[in-house]
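Biologist: Hi! I'm new to this one, could you walk me through it?

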Amino acid sequence: MVERIIYIGMSADILHVGHVNIINTANKLIAENKADRLIVGLLTCEAVESYKRKPIVRWEQRRELLLALKGVETIVSQDTLDYRPNLRKFKPSFCIHGSDWNDPKSAQYATRQTVIDCLAQWGGTLIEPDYTKGISTTHIIDEITLRSSS
């Protein structure tokens, strides 16, 4: 039997409830026997910096934080914003990403379509749970900056 893999690519620079919601979506698929295992492609510091900013938390520390979450057992490096190398390697049945990249203004909008096209090669599905409103790493950084300047 072929293992049914879920792939999630994420930066997880400052871990927050939005990340947990994405991982819980994967856990639900596994609990419903629609998938067997979750693989998290953790973006390297260079990959994060290519479209956002330099990460605050080092890759190794982000990895340890994610491994502490229920359902996260396998973390691999995602060396660029391009998901295709890891998708081709693992051929997941599902890839999960928040709906925030479905906005044409998003830095990841073009990446979304390459993920859809890549998954289609073996019948994989992109799952896009609703973006967790009111929380993001950028919002957290902005709030810390605001409070520290007051």
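Modeller: Happy to; we can go through the cores, a few helices and strands, and the salt bridges.

Biologist: What should I know before we start?

Modeller: This is a predicted model, where local features need pLDDT of at least 70 and side-chain atom pairs count only at pLDDT 80 or more, while totals for chains, interfaces and linings use all residues. Residues are numbered from 1 along each chain as its sequence is written, and side-chain values use heavy atoms, with hydrogens and water left out.

Biologist: Good. How many residues are in the largest nonpolar core?

Modeller: The largest nonpolar core has 18 residues. By nonpolar core I mean a set of buried Ala, Val, Leu, Ile, Met, Phe, Trp, Tyr and Cys residues joined through side-chain atoms within 4.5 Å. Buried is under 20% relative accessible area, exposed is over 50%, and partly exposed is in between, using a 1.4 Å probe and protein chains only. Ile6, Ile8, Met10, Leu38 and Leu66 have the most contacts inside this core.

Biologist: Which parts of the chain supply it?

Modeller: At least two residues each come from strand 1, helix 1, strand 2, helix 3 (59–67) and strand 4 (94–96). Helix 1 gives the largest share, 4 residues. Helices (H or I, at least four residues) and strands (E, at least two) are DSSP runs, numbered from the N terminus.

Biologist: What does Leu66 touch?

Modeller: Setting aside neighbours within four places in sequence, Leu66 is in contact with Met10, Ala12, Leu15, Ile23, Val40, Leu42, Val72 and Ile75. Contact here means heavy atoms within 4.5 Å.

Biologist: Now Leu69. Where is that?

Modeller: Leu69 sits in the loop between helix 3 and strand 3. Leu69 is partly exposed, at 21% relative accessible area. Not counting residues up to four places away in sequence, Leu69 touches Leu15, Val20 and Ile23. Leu69 and Val20 are 49 residues apart in sequence, and their C-alpha atoms are 8.0 Å apart in space.

Biologist: And strand 3, is that enclosed or open?

Modeller: Strand 3 (residues 74–78) has 4 of its 5 residues buried, so it is largely enclosed by the rest of the structure. Strand 2 and strand 3 run parallel, joined by 5 bridges; two strands pair if DSSP finds at least two bridges between them. In strand 3, Thr74 is the bridge partner of Ile39.

Biologist: Switching to helix 5: which of its residues are buried?

Modeller: Thr111, Arg112, Val115, Cys118 and Leu119 are the buried residues of helix 5. They cover an arc of only 130 degrees around the axis, which puts them on the same side of helix 5. That arc is taken from the directions from the helix axis to the C-beta atoms. The face turned away from the buried side carries the exposed residues Ala110 and Ala120.

Biologist: What covers the buried side?

Modeller: The cover over those buried residues includes helix 4 (84–90), strand 4 and strand 5 (125–127).

Biologist: What about the length of helix 5?

Modeller: Helix 5 (residues 109–120) has 12 residues and reaches 17 Å from its first C-alpha to its last, close to the 16 Å expected. The expected span is 1.5 Å times one less than the number of residues.

Biologist: Last topic, how many salt bridges are there?

Modeller: A search of the whole structure finds 8. A salt bridge is a side-chain nitrogen of Lys or Arg within 4 Å of a carboxyl oxygen of Asp or Glu. One of them joins Arg4 and Asp36, at 2.8 Å from N to O. Arg4 lies in the segment before strand 1 (5–10) and Asp36 in the loop between helix 1 (17–31) and strand 2 (37–43), so the pair ties together parts that are 32 residues apart in sequence.
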